[in-house]
Amino acid sequence: MSEIIEANRIDTLFTERADHILSMYFTAGYPNLGDTRKIMKALQDGGADVIEVGIPFSDPVADGPTIQKSNQQALENGMNMKLLFDQLEGMRSEIDIPVLLMGYFNPVMQYGLEKFCAKCQEIGIDGLILPDLPVYEYRKFYKEIFTKYGLHNIYLITPQTSEERIKEIDDHTEGFIYMVSSASTTGAKGAVSEVQEAYFARIQMLRLKNPRLIGFGISNNETFERACRYASGAIIGSAFIDLLEKSDNMEADIKQFVKGIKGN
Amino acid sequence: MEQTISKYAVDEQGYYGKFGGAFIPEMLYPNVEELKEKYLDIIYAPEFQEAFHGLLKDYVGRPTPLYFASRLSEKHGAKIYLKREDLCHTGAHKVNNTVGQILLAQRLGKKKIIAETGAGQHGVATATVCALMGMECIVYMGEVDMARQRPNVERMRILGAEVRPAKSGSRTLKDATNEAMRHWINNPNETHYIIGSVVGPHPYPDMVARFQSVISEEMREQLLLKEGTETPDYVVACVGGGSNAAGAFYHFLDEPEVQLVAVEAAGHGVDSGKSAATTALGRDGVLHGSRTILMQTEDGQVVEPHSISAGLDYPGIGPLHAHLFDSKRGIFLNATDEEAMVAGVELSRLEGIIPAIESAHAIAALGKLTFKPYDVVVLNLSGRGDKDLETYIKWGGY
């Protein structure tokens with residue numbers, strides 16, 4: 001058996017193009033249990049560059065009301081890790097763009113970390129965002145396993161993260177840095193404030209090695225463009241969950257939403 | 001309070017064996033890191049110790065008595081002492097920790113306090129010290145708990161605190177904790193989060209245990225006077241998150257001849273599906289910032305516990321207790337709702353003390369242990385039953 005070492009799709013993306021990258025988050029199993037693949041396909045067709053599939057959790061402490069609600073609904077709908085992997089099986093026949101799984105650490109730990117990572121590699125997942133798995137724990141206990149299965153672990157930084165720690169994170173990050181736009185839980189906020197812009201500019205000046213995507217509070221073309229001035233792109237979650245909740249023509253609405261964000 | 005090095009104490013990275021750590025999102029990192037860097041220097045400064053012990057003495061009413069319960073002793077065939085934490089100001093041991101943390105918050109330059117509460121005892125203890133220090137106080141409480149603990153909601157309001165309902169999830173203690181954490185994420189600069197138990201990310205479990213350790217420090221002094229020895233044969237305490245048990249066990253951790261008995265709430269029965277007996281039902285997991293034993297589904301979703309006592313109604317236990325369980329240093333028992341209520345009335349009739357229903361679980365466990373007549377048993381009577389009158393009345397078996 002020969003192993004083919006493929007470049008991680010995240011790295012390929014950022015090597016080819018370092019601006020106006022749009023990463024879209026949704027919670028698996030929401031609004032309906034079976035929507036996962038349909039949403040992913042529509043996101044790609046609409047022009048999204050990265051997809052973040054949320055693994056629902058009972059206690060999402062870093063999330064605001066919109067994503068909390070989608071997590072709860074998804075669990076009530078019957079979503080679980082095994083089912084999610086079943087749904088994602090074979091996705092690479094139709095999805096070419098990078099796909100990340102995002103969620104809290106406990107469900108991953110219960111599935112079994114190595115088994116989880118192996119499964120991710122098998123179905124073509126490129127990276128993970130686990131906000132409550134901190135840098136210290138990751139490096140000490142888990143990094144080796146992630147690396148073995150070709151998975152990037154995406155770190156977050158916030159306006160409160162010290163410059164020293166940002167540089168440490170930059171040294172150990174893989175793929176890109178998830179730049180949280182304000183001291184807050186997730187959620188759409190409408191506009192980007194001057195304070196936020198000053199923070200974006202400050203980080204830009206650090207000339208980090210890794211590309212950055214700005215998330216939390218990005219919801220429309222204006223906030224997306226604003227973020228793109230200071231980073232390689234942005235991440236949208238809550239605003240998209242809101243759309244999914246309201247939509248009665250999901251595929252068309254998703255494509256239109258993504259096009260609207262990108263301004264084309 | 002002395003700095004002690006125990007093999008059961010937390011290590012430098014915040015672990016008790018494999019449990020503990022700080023599993024927090026990056027948004028909380030600066031606050032938790034600041035606390036981790038500074039807490040020991042702050043709390044062992046002589047000026048802090050003087051302020052802390054001064055308030056414990058004159059405001060809380062410490063030392064609390066170690067009372068020889070002769071009729072209870074006769075019933076169980078051992079020498080049973082009650083550590084009277086129920087006589088603390090505000091009615092439970094919770095205030096030991098809030099006094100410590102409010103002094104710490106002041107020294108960190110924080111202006112606002114947030115807290116979570118289940119039954120409302122920690123909320124009241126937090127609102128109390130905030131009133132004392134003139135600090136703004138917001139307490140998160142599950143909407144369901146607010147309805148079943150109305151008098152404590154009003155006590156907090158009288159004390160000037162704002163009580164905010166946690167409306168997400170199951171709307172009980174774990175959700176109140178989620179909301180308090182979210183509040184801290186959204187307000188990182190001037191706010192200190194006073195966690196009420198030995199749970200949460202490092203250094204909280206260790207910090208809260210140190211503040212509560214005054215309980216076992218006093219036990220030793222009092223036992224020496226009454227029994228001529230500092231060490232009992234048993235220390236018995238109830239465990240929800242486990243702050244009163246941590247305080248009662250703390251200074252006995254390294255003396256294996258002292259049996260440490262932790263009593264969890266079995267609710268309707270361990271296998272009834274309505275229980276909070278975490279070590280009997282849970283497994284290794286991560287919640288609220290630490291790795292511990294957790295009640296959860298196969299898929300890793302946190303299971304809603306049940307106990308008649310809101311203070312024990314938590315799906316996890318502190319990482320220190322998870323380690324005591326895992327290393328077999330502690331004996332973990334449980335008592336059902338019914339057993340606890342019967343024991344609460346028993347103590348009322350035998351000793352004229354109506355215990356909090358949390359503490360009644362510890363009393364119920366006395367009947368599950370086999371004592372020798374000369375065994376010295378210290379039971380940590382963590383709270384008084386005033387807050388639980390409605391539950392006693394509704395139960396009605398007296």
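The model is a predicted one, so local features need pLDDT of at least 70 and side-chain atom pairs count only at pLDDT 80 or more, while totals for chains, interfaces and linings use all residues. Residues are numbered from 1 along each chain as its sequence is written, with chains lettered from A and ligands numbered from 1 in the order in which they are written.

Chain B holds an open sheet of six strands with mixed pairing, in the order S3-S4-S14-S9-S10-S13. Here helices (H or I, at least four residues) and strands (E, at least two) are DSSP runs numbered from the N terminus, and two strands pair if DSSP finds at least two bridges between them. Strands S3 (66-68) and S13 (330-336) of chain B sit at the edges with a single partner strand each, so one side of each has no neighbour in the sheet. On average, neighbouring strands of this sheet are turned by 25° against each other, direction ignored; axes are lines fitted to C-alpha atoms, for helices over the stretch in contact, and angles run from 0 to 180 degrees between N-to-C directions.

Strand S4 (residues 79-84) of chain B runs parallel to S14 (residues 376-381) of chain B, and six bridges join the pair. One of the residues involved is B:Tyr81, whose bridge partner in S14(B) is B:Val378. Helix H10 (residues 214-227) of chain B packs on the sheet, touching S3, S4 and S14 of chain B, and its direction makes about 45° with that of S3(B). Contact between two residues means that their C-beta atoms, placed from the backbone, lie within 7 Å.

Further along comes S10(B). Eight of its nine residues are buried, so S10(B) is largely enclosed by the rest of the structure; buried means that 20 or more other C-beta atoms lie within 10 Å of a residue's own, with C-beta atoms placed from the backbone. S10(B) pairs in the parallel sense with S9 (residues 234-238) of chain B over five bridges, and with S13(B), also in the parallel sense, over seven bridges. B:Tyr234 has B:Gln259 in S10(B) as its bridge partner, and B:Ala265 stands opposite B:Ala335 in S13(B).

As for the chain partner, 26 residues of chain B are in contact with 30 residues of chain A. Helix H8(B) gives the most to this side of chain B, with six residues.

Notes
A residue is buried if 20 or more other C-beta atoms lie within 10 Å of its own, exposed if 12 or fewer, and partly exposed in between; C-beta atoms are placed from the backbone.
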